[in-house]
Amino acid sequence: MRSNKSRFRLFLLSLAICFSPQFSWAAAPSLRDQMIAQAKKEGEVVFMGDLATELKTLLKGFSKKYPFVQLKAIDARSEETINRIAAEAKAGRLSIDVSGMSMEDVEPLMKGNFLAKFESFHLADFPAKTQPRSGLYVVGQLDPIPHGVYSTKLVQPNEVPKSWDDFVNPKWKGKVIVSRSRNELPAKLAWLLRKGNDLNWDASFEFFRKLKQNDVVLGGAGINTHVSRLAAGEFPLFLFPASGSVLRLQNKGAPVKLITFPNLFGDYEVWTVFKDSAHPAAGWLLVDYLISPEGQFEYTDTVNAVLPLNKKASPGKLAQALNGQGVTPENSDLMEPEQILKIFTEEVLKKAQDFYFSTLGYK
Amino acid sequence: MVAELNLRLIGFWTLTLALGIFVATPLALLIVNSFRTVSVGDLGFQLTHLTLLNYVEAYSNPKTFGMFLNSLWFALGSMGVAMVFGCSLAFLCERTDLRFRQFIPALVMIPLIMPGVVKGIAWIFLLSPRIGVLNQPWIALFGRPLLDAQSIPAMVWVEGISMSPLTFLLIGSIIQRMDPALEEAGAGSGAPKWKVLSRVTLPLLMPALAGVALLLFIRGIEAFEIPMLMGANAGIFVFSTNIYHALRDASPPEYGLAFAYCMTLILLTVGALWLYQRQLRRTERYTVVMGKGYRPRLIHLGRWSWLGWGFLGFYGVVGALLPFFILLWASVLPYYEPPSWEALAKVSLDNYVTVLRMDDLWDAAKNTIILGLASSVGTMFLTVLASWFIFRTYLGWRKLLDFVLFLPYAFPGMIVGVAFMILFLSFKNPLYNTIWIIVLAHVVNFLPIGSRFTHAAIVQVHKELEEAASASGAGFWRTLRHVWVPLLTPALTNGTLFLLILSFKVMSVAALLQGPDSMVLSVYLWNIWGGGEAGLASALSVLLVITLGFFTIVSRSLARGPAAAREF
C-alpha cells in the first residue's frame with residue numbers, strides 16, 4: 001500500500017500540472033506518465049458499483065491501453081457500495097479504488113469525507129454546469145429517464161402516449177406497470193412540472209393518484225426485468241424504464257420501444273476515487289479513461305445506454321440508438337450537480353417515497 | 001471418567017462460545033441498530049442517534065397487524081403443502097417398492113435447485129391470467145383462471161412446492177433408517193397397513209415431523225422472493241416483504257425500521273424453539289434406530305402402485321417439470337414469449353454459447369464449488385457435534401447451544417453479511433475479501449437448517465448403541481466414527497446436499513462479502529438477471545439445475561452404498 005506522503009505528493013503533482021498556465025496536450029503526458037509509472041507498480045484497480053461486471057467485461061479499450069493494470073470489479077447496488085466503502089475506510093482497509101453510481105447516491109460518500117478530488121484535462125471538454133465545483137466526483141454520463149416503454153404488439157402507433165395524461169387514459173386501466181425502485185419519481189416529476197424553481201408537488205401527486213385510480217401495477221424485482229414482461233406480452237406499458245434494458249431487448253428483436261416526449265429528467269452517472277485508495281494511480285487512470293473521448297465512446301457503445309457528456313466524444317451505438325428514440329441531451333432537463341443535491345434533499349426524496357408507496361398501495 | 005467429563009465440558013464451551021461469537025455479532029448489530037436513526041454508511045455498533053421511533057413506526061401502523069396475519073396464513077399454508085408433498089414423496093422413495101423410485105430425489109430437487117427469483121417469474125408466466133401457459137387454455141375452457149399468479153393460494157402453492165425438497169430430505173433421512181421391529185409387531189398383531197402407519201409409524205416420527213414443520217413455518221415467515229414477486233404486485237403484503245421493502249426499496253434504506261421488524265422474527269423464532277424443545281422433552285420415546293435391524297422393510301404397493309405413480313406424476317409435472325420447462329423455454333429464446341409456432345422459429349442455443357464464453361464464469365464456478373463444499377460440510381460437522389452435546393449429554397446450559405444454533409434463522413442474510421464485514425475489518429486477518437469469509441458467514445446462516453437434520457437424526461438413535469461402544473472401550477471419537485457416522489450417513493448426506501444446493505443459490509451474504517476475486521455463481525446469476533438478460537440467466541439456471549441434479553443422484557447413490565448404486 002502506498003504511504004500517505006507519496007499519495008499526497010502524487011496529488012499535489014497532478015494538481016500543479018492541471019492548473020499550470022502552460023497546461024496543454026503536450027504537458028499532459030507528464031502527468032499521465034507519472035500515473036502510469038505508479039500504476040505499473042500497483043498492477044490492479046478495483047471498481048465497485050452499478051454495471052461493474054459489464055464494465056470489466058466490455059470495456060476492452062482500457063485494458064488495451066493500460067495492459068499492466070488488471071481491472072477487477074464488484075457489482076453492487078449503491079447502498080451496498082457505500083456501506084462497504086464506509087466500513088472499510090473507517091477500518092483503514094479500503095479495497096475499492098473507483099466507484100460508479102447515480103448522482104443522488106454520492107452524498108453519503110461526501111459527508112463521510114471519503115472522496116479524493118479528481119482533476120484531469122478532459123474535464124475541460126465537459127459542459128461546465130455538469131461538473132461539481134468541489135471536484136469530489138466526476139459526472140461521466142447523462143442518463144435521462146425515458147417517460148416509458150411500450151409493447152409494439154399490444155399498442156398501436158396511434159395509441160402511444162404523447163403526454164403524461166395519455167398514461168392515465170382509462171383504456172390502460174390495469175395495464176401499466178411501474179417499478180418499486182423508482183420511488184423518487186414523484187419528486188422528479190414535481191421538478192419537471194415545476195413552477196419557477198419550486199417543486200410542483202400538487203401536479204405530480206395528482207398524476208400518481210390518477211395512476212392508482214387506473215389500477216397501475218407496482219412491479220417488483222428491479223427496473224430491468226419488467227421490460228421482459230412487456231416483451232412477453234404481459235403488459236403493454238411500463239412507466240419510467242431504464243434505457244439500457246430496453247435497448248438490449250430491442251437489439252434481440254423484442255417488440256418494445258421507448259416513449260419520449262419533450263422534457264426528460266436528466267440523471268447523471270458519476271465516478272469517484274477515494275482518499276485512502278490502495279491503487280490511487282490505477283484508479284486515476286481508469287476514471288481518466290472513462291471521461292476521455294475514446295472512453296466515453298466505448299462506454300456508450302458497449303457498456304451502457306447513456307449519453308456521453310464529453311463534447312469531443314462521439315456517441316457509441318447504444319447512445320445513438322437512444323438519440324434515435326428521442327433521448328437526447330437537448331430533450332433533457334440538465335441541472336448543476338449542486339442544484340440537484342440542493343433540491344433533491346433527503347427530506348424531499350423521503351416525501352416522494354412515502355407518497356409513492358402509500359399511494360400505490362404499499363404501506 | 002472425570003477427565004472425560006472435563007473434556008466434554010471444554011468441548012461444549014469451546015463450541016458454544018465459538019458459534020456464539022459469530023451468532024451474537026449479527027444479533028448485536030441488529031438490536032443496536034433497531035434503536036438508532038441510522039443511514040447508509042453508518043451501520044455499526046456505535047451507540048449514537050438512539051431512538052425508539054423505529055419501533056413506534058413499525059408497530060403503530062395498523063397495516064402491520066394485517067401483514068402479520070397474511071404472513072401467518074402464507075407460512076402455515078406453504079408449510080402444509082410442503083409437508084404433504086415432502087412426506088409423501090419421502091415415504092414413496094424410502095419405504096415402498098415403487099419402480100424407479102431412485103430417481104425421485106433428482107425430481108424432487110428441481111424446485112429446490114431453481115433460483116427463487118427465476119422460479120417466481122416462471123410461475124408468473126405459468127399462472128398469469130394474461131399470458132399464463134396454464135391459465136390461457138383453462139380460461140378458454142372455463143372462462144376463469146385456474147389460479148391467479150397474484151393471489152395468496154398461488155403464493156402458498158409455489159412456496160410449498162419450493163419447500164417440499166427440504167421436507168423430503170429431512171423426513172427421508174429418518175425413515176430410511178427406521179427400526180422395523182415396532183411396525184412388524186403392529187403388523188404381526190393383525191393391524192392393517194394404514195393402522196400401522198397411523199398408530200405406529202407416524203407417532204414415532206412426531207419429533208422429526210414437528211421439527212420439520214417448525215423449520216418450514218419459520219422459513220415461510222422469512223420467505224420474501226415469492227411474496228414479493230407474486231403478492232406485492234397485487235397489494236398482498238406479508239411481514240418479510242416489509243423488512244425487504246425497508247432494506248431494499250427504501251432509498252436511503254430504513255435499516256432501523258427493518259431491524260425493528262426483525263425483532264418480531266426473533267421472538268417468533270424463540271417461541272418456536274421453545275415449542276420444539278417441549279416436544280422433545282422425553283426424547284427416549286422417539287428412538288427408532290436401535291442396535292439391530294435398522295433397515296426398514298419396503299412396503300409392497302402391489303395394485304396401489306398406480307396411486308404412487310399418479311401422485312409422483314402430478315408432483316413431477318406440475319411441481320417440477322412445468323416451471324423447469326418454462327426455464328428451458330426461456331433459455332433458448334432471445335427474449336421470453338409464450339410458447340407458440342412463431343416463437344419456435346426463434347429457438348437457438350445462443351444463450352448457452354454466450355453464457356459459457358462469459359468472462360469469469362469458470363472462476364465463479366470454482367469459487368462456488370469451494371463455497372458449497374466447505375460451508376455444507378463445515379456446517380454439518382459443527383451441527384453433529386452440537387446435536388450430540390444437546391441430546392447425548394446432561395451438561396447444564398446445553399439449551400443455550402440449541403438457541404445459538406437456531407437464532408440465525410431470524411436474521412436476514414444481509415445482517416450476517418454486514419456484521420461479518422464489520423467484525424473482520426476490526427482486526428488483522430487474511431480472510432477479508434476472500435471466499436473464506438463467505439464460507440464462515442454461510443456456516444452461521446446454515447446452522448439452523450443443518451441442526452434440524454442432525455437433531456432429528458440423533459434424537460432417534462437409541463442410547464444402547466453408544467453404551468455398547470463405551471462398554472467395548474471406545475472413546476468419544478471412535479464412537480463418533482464407528483457408530484454415529486454410519487448411522488447418521490443418510491441424514492448427513494441429505495443435509496450436506498441441501499446446504500450445498502442452498503449455498504449455490506443464496507446470494508445476499510456473498511453479494512456483501514465478495515471480493516474482486518471471490519465472485520460466486522449466485523451473485524453472477526443475479527447480476528445477469530438484474531441486468532434484464534432473462535435468456536442468459538435462464539440458460540445459466542438450466543445448467544445449474546442439470547449439474548446439481550446429476551450431483552444429487554450420484555451423492556445419494558453413494559450414500560446408500562454399493563448395493564443401491566447397482567440399482568441404477
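Reader: In which hand does H3(B) pass H14(B)?

Author: In this predicted model, H3(B) and helix H14 (residues 305–331) of chain B pack with their axes 11 Å apart, at an angle of about 130°. That angle makes H3(B) oblique to H14(B). The crossing in which H3(B) passes H14(B) is left-handed.

Reader: Why is H3(B) described as oblique to H7(B), and what is the hand of their crossing?

Author: The axes of helix H3 (residues 62–95) and helix H7 (residues 152–175), both of chain B, come within 5 Å and cross at roughly 40°. Because of this angle, H3(B) is oblique to H7(B). By class, the contact of H3(B) with H7(B) has 21 nonpolar, 8 polar and 3 charged residues. The crossing of H3(B) and H7(B) is right-handed.

Reader: Which residues of H18(B) make the contact with H17(B)?

Author: Helix H17 (residues 361–392) and helix H18 (residues 398–406) of chain B have axes that come within 9 Å and cross at roughly 145°, and H17(B) passes H18(B) in a left-handed crossing. The residues of this contact divide into 5 nonpolar, 1 polar and 2 charged. From H17(B) come Thr383(B), Ala386(B), Phe389(B) and Ile390(B), and from H18(B) come Arg398(B), Leu401(B), Asp402(B) and Leu405(B).

Reader: Which strands of the open sheet in chain A stand at its edges?

Author: The sheet has 5 strands in the order E8-E7-E9-E6-E10 (chain A), with mixed pairing. From one strand to the next, the twist averages 30°. Each edge strand has a single partner, so one side of each is left without a neighbour in the sheet; these strands are E8 (217–219) and E10 (256–259) of chain A.

Reader: Which residue of E10(A) is the bridge partner of Tyr150(A)?

Author: Strand E6 (residues 148–151) of chain A pairs with E10(A) in the antiparallel sense, over 4 bridges. Helix H11 (residues 243–251) of chain A packs on the sheet and touches both E6 and E10 of chain A, its direction making about 145° with that of E10(A). In E10(A), the bridge partner of Tyr150(A) is Lys257(A).

Reader: At what angle to E7(A) does helix H10 of chain A run?

Author: Helix H10 (residues 223–231) of chain A lies across E6, strand E7 (176–179), E8, strand E9 (237–239) and E10 of chain A. Its direction relative to E7(A) is about 165°.

Reader: Which element gives the most to the side of chain A that touches chain B?

Author: The contact takes 50 residues from chain A and 44 residues from chain B. Elements giving two or more residues on the side of chain A include strand E2 (70–75), helix H5 (78–90) and helix H16 (346–359) of chain A. That side has 19 nonpolar, 18 polar and 13 charged residues. With 8 residues, the element that gives the most is H5(A).

Reader: Over which residues of chain A does pLDDT stay under 50?

Author: Chain A averages a pLDDT of 88, and 91% of the residues score at least 70. Where pLDDT is low, the predicted coordinates should not be read in detail. The model has 10 contacts beyond four places in sequence for the stretch in which pLDDT stays under 50, residues 17–27 of chain A.

Conventions
Residues are numbered from 1 along each chain as its sequence is written. Chains are lettered from A and ligands numbered from 1 in the order in which they are written. This is a predicted model: local features need pLDDT of at least 70, side-chain atom pairs count only at pLDDT 80 or more; totals for chains, interfaces and linings use all residues. Two strands pair if DSSP finds at least two bridges between them. Axes are lines fitted to C-alpha atoms, for helices over the stretch in contact, and angles run from 0 to 180 degrees between N-to-C directions. Two residues are in contact if their C-beta atoms, placed from the backbone, lie within 7 Å. pLDDT is the predictor's confidence in each residue, from 0 to 100. Angles under 35 degrees count as roughly parallel, over 145 as roughly antiparallel, 65 to 115 as roughly perpendicular and the rest as oblique. A crossing is left-handed if the near helix is turned anticlockwise from the far one by less than a right angle, and right-handed if clockwise. Ala, Val, Leu, Ile, Met, Phe, Trp, Tyr, Cys and Pro count as nonpolar, Asp, Glu, Lys and Arg as charged, and the others, Gly among them, as polar.
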